[in-house]
2 protein chains.
Amino acid sequence: MTAKLDRHAEQLSALGHPVRLAILRFVVQGGPEGTTAGDIQGRVKMPASTLSHHLKRLVDAGMLTSRGEANYHYYAPDFRALRMLTDYLWEDCCKRGGEGCC
Amino acid sequence: MTAKLDRHAEQLSALGHPVRLAILRFVVQGGPEGTTAGDIQGRVKMPASTLSHHLKRLVDAGMLTSRGEANYHYYAPDFRALRMLTDYLWEDCCKRGGEGCC
DNA sequence: CACCTGCTTCGATAATTGTAGAAGTAGAGC
DNA sequence: GCTCTACTTCTACAATTATCGAAGCAGGTG
């Protein structure tokens, strides 16, 4: 019970940084095929080491998956995880009274 | 453009802590009337000062609104902000190619 | 008008997170 | 097998965030 909450908090925390949120959106917009680290760097403009740290955080949180192909690294969104996360926020909305909210 | 991203990152960051996520869900489940700080404390079990700090963070991020009535403080969810936030994550999904994801 | 309740604000300390240069690695090409 | 590209990992320092006791404050109540 708490485990699920902690996991979702970790995911939200991973998204709770301007650079990582920009990365996630860019990768989401790029679709299931994935986007290379280089393309992401071209978008967010920062040292590779810093970018890599942020990408690792997103992968660890389960928001992105990564796959290496030749010497490129592709990052793809985990749509299922993202959907579960957004749904979680609305779960049991107003069950303790009230209405007309969701 | 970046302002909106920064704002949403701030909101996600506010939700990215187990205690605050638990608070938000509890308040969301409590409906539009709001939930008192005392009721929230009964749920999350922690010193009042720490709780108050977390509540302030959620209000500052615009996820909750607060209202004082007698000597109780009511916290209510900002459903509009929450909806905009969850929608934002999916905005322009796959517009750079790919399909079958959203 | 003391004084109690229900919370917030202050202040200090501990813990986590962000940043980026330098060094390391895996694969492609000559 | 050297070298270049495309990243990642290491390391260290800076900045932010979390926690909670103590003090403060705005209503109510006797």
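Tutor: The residues of the surface near DNA strand C divide into 8 nonpolar, 12 polar and 2 charged. Here Ala, Val, Leu, Ile, Met, Phe, Trp, Tyr, Cys and Pro count as nonpolar, Asp, Glu, Lys and Arg as charged, and the others, Gly among them, as polar. This is a predicted model, in which local features need pLDDT of at least 70, side-chain atom pairs count only at pLDDT 80 or more, and totals for chains, interfaces and linings use all residues. Residues are numbered from 1 along each chain as its sequence is written, while chains are lettered from A and ligands numbered from 1 in the order in which they are written.

In total, 22 residues surround DNA strand C, and the closest are S49(A), A37(B), G38(B), S49(B) and S52(B). A residue is near a strand if its C-beta atom, placed from the backbone, lies within 6 Å of it. At least two residues each come from α4 (48–60) of chain A and from α3 (37–44), α4 (48–60) and β3 (72–77) of chain B. α4(B) gives the most, with 6 residues. Helices (H or I, at least four residues) and strands (E, at least two) are DSSP runs, numbered from the N terminus.

The two protein chains also touch each other, with 31 residues from chain A and 31 residues from chain B in the contact. Two residues are in contact if their C-beta atoms, placed from the backbone, lie within 7 Å. On the side of chain A that touches chain B, α1 (2–15), α2 (18–30) and α5 (79–90) of chain A give two or more residues. The largest share of that side, 7 residues, comes from α1(A).
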